[in-house]
Each structure stands twice: as C-alpha cells, then as structure tokens.
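Please keep the sequence and the structure in view while reading.

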Amino acid sequence: MNSTLLLKNIQLEGECCDILIEGNRIRQIAAGISHPADRVLDGGGRLAAVPPFFNVHTHAAMTLLRGYADDMELFTWLNDYIWPAEARLTPEDIYHGTRLAILEMIKTGTVFFSDMYWHQKEAIRAAVEMGVRAAIGLLYIAGPDGQLLERNRRANAELLELVPALPDRITITHAPHAIYTVPEPLLREVAATAAADGRYIHIHASETAREVEECRAAHGGMTPIAYLDSLGLLGEKTILAHCVHLTDEDIRLIRERRAVIAHMPCSNMKLCSGCFRFYDAFERGGCRVAIGTDGCSSNNNLSMLDEMKFAALSAKNQSGLPTSGRDGDIFTLATRAGAEAFGIDSGVIAEGKLADILLVDLDNPLLIGDYNLTANLVYSADSSCLDSLICDGRILMENRRVPGEAAILENARRVCRKIGHRG
C-alpha cells in the first residue's frame with residue numbers, strides 16, 4: 001500500500017487548502033481534506049506551495065572546487081587549474097562532493113539536476129540516497145588520439161549496467177562534453193546511439209566566441225549549432241548548455257528542432273563568455289529554454305533563486321527592454337520548463353502530477369510586501385525563505401533541516417583539504 005502525506009492549511013495560488021499525496025503522486029487538492037494519512041504537515045496558513053526547481057545543467061561534485069580557481073579566462077581556468085584538480089579526485093571524493101551539491105540544492109529548493117561529470121556511479125549513489133531526481137550523463141571526452149578516453153569508456157559501461165536497478169527518478173543521458181573535446185566520428189557515434197536508445201543528449205554548445213570561431217574554421221563556416229545539426233545531434237531530446245553566441249540562423253534551427261537551451265547567466269557573466277540573447281531566442285524566437293546553474297567553480301553556488309534573478313536582469317540588460325525577462329516567464333523556465341525538458345510529469349502542482357512541492361515561508365521579511373509571490377521569488381527571495389521540500393512524495397527538508405547535514409559537510413571539508421594541498 002502506498003504511503004500518504006497530507007499537507008494541511010497550505011496557501012496555493014492565494015487560497016488556503018490541503019494537499020493529499022499518495023505514494024509519489026498528488027491525489028487531491030481541496031479545503032478540509034479528512035483522509036487518514038501516515039504523516040501530516042500543517043502549514044498553519046503561513047506556508048505556500050509552489051513548484052520546486054529543475055536544474056538542467058550542472059557539474060554537481062564541483063562543489064569541491066568552489067573558490068579554488070576564480071577570475072580566469074575559460075580555457076586557462078579549465079586547462080591549468082580545473083582539469084588537473086579533477087584528475088586527483090577519487091570516486092569516493094565525487095560521492096561526497098555530489099552529496100554536498102544535493103544538500104545545497106535541497107536547501108535552495110531544487111529537486112532535479114542534470115549532471116555531466118566523472119565517476120557517475122557515485123553521483124547516482126548520492127542522488128538515490130538523498131531522494132532527489134537526476135539525469136546522469138554518459139560522459140564522452142576524447143584523448144589526443146581522438147578516441148574516447150578509456151576512463152570514460154569504463155565508467156559508461158559500468159553506468160549502463162546499473163540501469164535495470166535504478167529508481168524511476170534517475171535517468172541516464174548521453175553527455176558529449178563539447179565539439180572541441182569530442183571529434184566528429186565520436187559525435188556521430190553518439191548521435192546514432194541516442195537515436196537507437198532514445199536517451200537525451202546533453203552537451204555544451206556555443207559557449208564562447210573562440211569555440212564558434214574555431215568551429216567555423218574547421219567545418220566550412222558552420223557554427224557549433226549548425227555543425228551539431230549536420231551530425232544529427234539536434235532534436236527535442238537535446239539539451240544545449242549555454243548557447244551564448246547564437247546567430248539568427250542558429251535560433252531558427254534550435255526552434256525548428258525543438259532542442260532545449262540550458263541558460264546559465266551567472267556562469268556566463270563570471271567567465272565573461274557573453275550574454276545569452278534571451279529576448280531574441282525565447283521571447284521573439286520561440287526557442288525552448290530552461291535554467292541551470294553550471295558547476296560551483298564557475299558560479300559559485302547552485303541556487304536557482306540566484307539564477308532566476310540574474311536571468312531576468314540579464315534579459316533586460318541585453319535587450320534594453322525592461323519588459324523582457326518577466327518574472328512569470330523566468331519562474332516557469334526554472335520549474336515547469338525544466339521538468340518538461342526531461343519528460344518529467346512535474347513542474348506544476350495539480351492533481352495527478354508527481355508530488356514535487358516546495359513550501360515557502362510567507363512570514364519571511366523578504367516576501368513582504370506580499371503583492372506577488374512569483375515576483376518575490378524571482379527578484380527578492382533567498383534560501384531563508386524556503387521551509388520544506390518534497391520530492392516524489394518524500395519530505396527531503398522540513399523546517400529548513402535536512403537529515404545528515406553535519407556529516408555531509410565534514411566529509412566534503414576533508415576532501416577539500418586534500419585538494420588544497422598541492423605540494
């Protein structure tokens with residue numbers, strides 16, 4: 001028999017009601033529900049239910065590299081600092097770094113993350129244990145010989161062996177890192193495999209001006225988006241991370257192929273990669289867009305609250321239109337659009353939907369004036385405004401507390417001390 005959770009006296013779209021959860025689905029939303037429940041959480045009229053966040057692009061265990069190498073150009077940052085540090089990380093380190101990331105995401109209202117990183121089995125172990133949703137990538141990066149790195153080949157094979165035992169909330173994607181780290185034959189192989197197995201494709205694309213210039217020089221004037229399309233990698237199950245440097249033709253291709261742009265304004269600004277054309281691509285161009293955070297070494301946090309505010313402000317600044325990046329649109333991109341991008345039946349609070357719910361503390365001073373909760377969440381709120389988080393019918397955070405926090409923090413600190421000792 002499914003367990004039941006009853007949320008009593010909860011504000012939903014300005015009305016006080018109860019929400020009955022049976023198993024991992026919302027069974028009923030009404031006032032005065034009297035159904036017996038295994039657990040009752042009473043909001044006392046001060047907690048509001050809103051959809052939680054879906055983070056469509058992360059490198060979760062990079063929490064271990066937060067503050068390690070800042071204020072650098074992208075390729076210097078990657079080649080001279082990040083990749084050498086990552087080479088010293090063990091599978092157990094990745095496990096602890098991912099647990100730290102999930103703790104941070106839970107505390108900031110996120111129930112799902114799409115990850116591209118090493119030692120994926122450990123990321124899955126952390127996500128399964130902590131109760132969140134995740135899309136974990138089969139990582140593709142080539143060595144100097146143009147062949148898939150052996151460590152990637154082994155890890156990908158091990159990851160696929162886990163699939164039959166994974167809970168429904170964990171999925172596996174194809175994650176070729178980028179066109180400059182994965183040569184054409186391997187990208188074609190990924191495209192063919194994804195066409196056969198139906199998995200999502202998650203790739204960095206058009207992140208920097210240098211990437212675009214080098215792609216045009218190497219591939220007959222094609223942009224990275226056109227190049228990916230020519231290889232069969234652009235479709236409705238493709239997640240394109242960053243897309244800072246898009247031409248009008250790129251926007252048309254992305255719209256027509258129904259690919260999803262993962263927008264990370266904080267990382268883009270920090271690395272000076274450029275400013276995503278939000279107005280042209282989303283508001284005028286009709287592209288599918290969702291929001292991510294990138295990793296903690298280039299952001300430096302995993303807060304979708306921060307990301308929403310930067311997304312709204314950067315849209316206005318880039319377009320010159322204060323009406324661009326409207327709060328309602330931005331909130332939808334951080335919630336429902338992220339769920340839809342990965343085919344998850346969530347992102348809205350309605351009967352029959354998966355039971356993913358964020359409870360917001362309406363008595364927090366950052367949410368008063370209380371004219372518009374969505375505007376306050378986008379422009380004003382921080383993690384102190386978030387009281388409880390439910391994912392797949394399970395309470396992951398209640399009254400701002402997550403089980404096992406102290407151990408997660410201590411284990412992550414221990415790994416960071418090892419990384420910081422370079423001698």
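The lining of the largest cavity consists of 13 nonpolar, five polar and three charged residues. The model described here is a predicted one.

In total, the structure holds two cavities of 30 Å³ or more. The lining of the second largest cavity is formed by His 263, Pro 265, Asn 268, Met 269, Gly 274, Cys 275, Phe 276 and Ser 314. Helix α9 (residues 265–270) contributes the most to it, namely three residues.

The largest pocket holds about 530 Å³ of space. Among the 25 residues of its lining, Glu 13, Ala 49, Val 50, Leu 373 and Thr 374 are the closest to the centre of the pocket. Two or more lining residues come from each of β1 (4–12), β5 (47–50), α12 (327–334) and α14 (373–379). The most, four residues, are given by α14.

The table sets out the volume and the lining of each space.

| Space | Volume | Lining residues by class |
|---|---|---|
| Largest pocket | about 530 Å³ | 14 nonpolar, nine polar, two charged |
| Second largest cavity | about 40 Å³ | four nonpolar, four polar, no charged |

**Aromatic pairs**

The count of aromatic pairs is seven. One of them joins Phe 53 and Phe 331 in an edge-to-face arrangement, with 6.1 Å from centre to centre and 80 degrees between the planes. This pair connects distant parts of the chain, since Phe 53 belongs to strand β6 (residues 53–58) and Phe 331 to helix α12, 278 residues apart. Both Phe 53 and Phe 331 are buried.

Another edge-to-face pair is formed by Phe 276 and Phe 278, at 6.4 Å centre to centre and with 85 degrees between the planes. Phe 276 and Phe 278 are likewise buried. Phe 276 also takes part in the lining of the second largest cavity.

Thr 110 lies in strand β7 (residues 110–115). Is this residue buried or exposed? Thr 110 has a relative accessible area of 1%, and a residue counts as buried when this value is under 20%; Thr 110 is therefore buried. Apart from neighbours within four places in sequence, the residues in contact with Thr 110 are Phe 53, Asn 55, Met 105, Met 304 and Leu 389. Phe 53 is the residue that also pairs with Phe 331.

**The two sides of helix α6**

Helix α6 spans residues 209–218, and Glu 211, Val 212 and Cys 215 within it are buried. Why do these buried residues line one face of the helix? Viewed down the axis of α6, they fall within an arc of 95 degrees, and so they line one face. In general, an α-helix has 3.6 residues a turn, so residues three or four places apart point the same way.

On the other side of α6, Glu 213 and Ala 217 are exposed. The elements that cover the buried residues of α6 include β10 (201–205) and α7 (224–230). Just after α6, Gly 220 adopts a positive phi of about 60 degrees.

How values were computed
Residues are numbered from 1 along each chain as its sequence is written. This is a predicted model: local features need pLDDT of at least 70, side-chain atom pairs count only at pLDDT 80 or more; totals for chains, interfaces and linings use all residues. Side-chain values use heavy atoms; hydrogens and water are left out. Buried means under 20% relative accessible area, exposed over 50%, partly exposed in between (1.4 Å probe, protein chains only). The arc is that of the directions from the helix axis to the C-beta atoms. Contact means heavy atoms within 4.5 Å. On a 1 Å grid over the protein atoms alone, a cavity is a set of points where a 1.4 Å probe fits but cannot get out, and a pocket is an open set with protein on both sides within 12 Å along at least five of seven lines; lining residues have an atom within 4 Å of a point. Grid points are joined across faces, edges and corners, and a volume is the space filled by probe spheres set on the points. Ala, Val, Leu, Ile, Met, Phe, Trp, Tyr, Cys and Pro count as nonpolar, Asp, Glu, Lys and Arg as charged, and the others, Gly among them, as polar. Rings of Phe, Tyr and Trp (its six-membered ring) pair if their centres lie within 6.5 Å; planes under 30 degrees apart count as stacked, over 60 as edge-to-face and the rest as tilted.
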